[in-house]
Each structure stands twice: as structure tokens, then as C-alpha cells.
Amino acid sequence: MKSGQVRAIALGIIRDGDRVLLLEGYDPSKRETFYRPLGGGIEFGERSQETVRRELREEIGVEVTDLEFLATIESVFTFDGLAGHEITLIYTARLADPALTRQAVISGAEPDGTPIAAVWKPLDDFRAGRDPLYPDGLLELLDE
């Protein structure tokens, strides 16, 4: 993330009942574990739906289907001490392989090799304030 630039990203919401498949992240400056839907930066010439498909394939090796646009969220935030500004296109999606809903953790890696973990989290964890869910406003959108 480069400070001083607005970044366009696309994220996929994959639900299994009241659980959502989320990236578990860590902000070292806040000493905070947080959760965010999987996805990433929209590349030039790439449609945002394709970004969701590509990012989930690259990050955790899964295929998704039935993508439907849900909303756009704009967020200004701080991560690891740096200011960020993202325009986030949110999609709902389904896993092509429904058996993955029985897997508690789906391991993967960022393009630079940094390991990542996608976990199933109940929305009640966020409603109760036990864990932060980003981007801000996402929980309210999912509860509509």
C-alpha cells in the first residue's frame, strides 16, 4: 500500500449460513488481529468481478462462482502506521467446491510468498465487538 494514493479494490463475500470466509490479518503498529474479505487490487483493464476470481485463485487456490455486486464502500484508514484510502467494490460469491465450507482454515500465500490464512468466522464475533471486521461499514451491510 502506497500512502497518498487512492486504491481501487474488489472483495468477495463468501457465506456459509452466518459464517463468512475472511482473511485473518495483523496490523503490527496497532498490535491487532483483524478480518477482511478476500480480494485485492483491481489491475488496469481488469473488471472488478475478475479481480475477485483472480485474487481468490492466487491467494488460496479456490474458484468462485455466482458473483453478484453488493455495494461500494469507501474507506480511509491507517495500517501499519501508514494512511490508506480505498474504494472497495464488494461482491457476494460462492465457492465452486462446497466441501471447503468444512475446512476451518484455507492456507495460501501472497504473491511475495507471505503466508495467509482464510478462516470461517461467525458474524456474531463482530456483532459482539470481539474482533474488528474491515472495511468499516461491512458488518452493517451484511446485516441488512
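# Legends to the close-up views

**View A. With neighbours within four places in sequence left aside, Glu55 is in contact with Gly39, Gly40, Gly41 and Ile60.** Contact here stands for heavy atoms within 4.5 Å. The structure is a predicted model, in which local features need pLDDT of at least 70 and side-chain atom pairs count only at pLDDT 80 or more, whereas totals for chains, interfaces and linings use all residues. Residues are numbered from 1 along each chain as its sequence is written, and side-chain values use heavy atoms, with hydrogens and water left out. Glu55 belongs to helix 1; helices (H or I, at least four residues) and strands (E, at least two) are DSSP runs numbered from the N terminus. Because its relative accessibility is 10%, Glu55 counts as buried. The term buried denotes under 20% relative accessible area, exposed over 50%, and partly exposed the range in between (1.4 Å probe, protein chains only).

**View B. The largest nonpolar core holds 19 residues.** Such a core is a set of buried Ala, Val, Leu, Ile, Met, Phe, Trp, Tyr and Cys residues joined through side-chain atoms within 4.5 Å. Ile14, Leu21, Ile60 and Leu95 touch the most other members. At least two residues of this core come from each of strand 1, strand 2 (19–27), helix 1 (48–60), strand 4 (64–79), strand 5 (82–95) and strand 7 (115–122). Another core, of 17 residues, lies apart from it and includes Ile9, Ile73, Val119 and Leu138.

**View C. The surroundings of Leu21 are shown, with its neighbours within four places in sequence left aside.** Leu21 is in contact with Ile14, Pro37, Leu38, Ile60, Leu95, Ile106, Ala118, Val119 and Trp120.

**View D. Strand 7 pairs in the antiparallel sense with strand 2 and runs antiparallel to strand 6.** Strands count as paired if DSSP finds at least two bridges between them. Five bridges link strand 2 to strand 7, and Arg19 has Pro122 of strand 7 as its bridge partner. Strand 6 is joined to strand 7 by five bridges; here Ser107 is partnered by Ala117 of strand 7. Five residues lie between strand 6 and strand 7 in their hairpin, and Gly113 in the turn has a positive phi of about 95°. Strand 7 is mostly covered, with six of its eight residues buried.

**View E. Asp125 is located in helix 2 (residues 123–127).** Its relative accessibility is 14%, so Asp125 counts as buried. When residues up to four places away in sequence are not counted, Asp125 touches Arg130 and Asp131.

**View F. The whole chain contains three helices and seven strands.** From the N terminus on, the order of the elements is β-β-β-α-β-β-β-β-α-α. The radius of gyration, taken over C-alpha atoms, is 14 Å, close to the 15 Å that the globule rule gives for 144 residues, so the chain is as compact as a globular protein of that length. That rule is 2.2 Å times the number of residues to the power 0.38. Of the 144 residues, 41% count as buried. Among contacts with a separation of 6 or more, 61% are between residues 24 or more positions apart. The mean pLDDT of the chain is 94, and 98% of its residues reach 70 or more; pLDDT is the predictor's confidence in each residue, from 0 to 100. Confidence is lowest in strand 6 (residues 105–109), at a mean of 93, and highest in strand 1 (residues 6–16), at 97.
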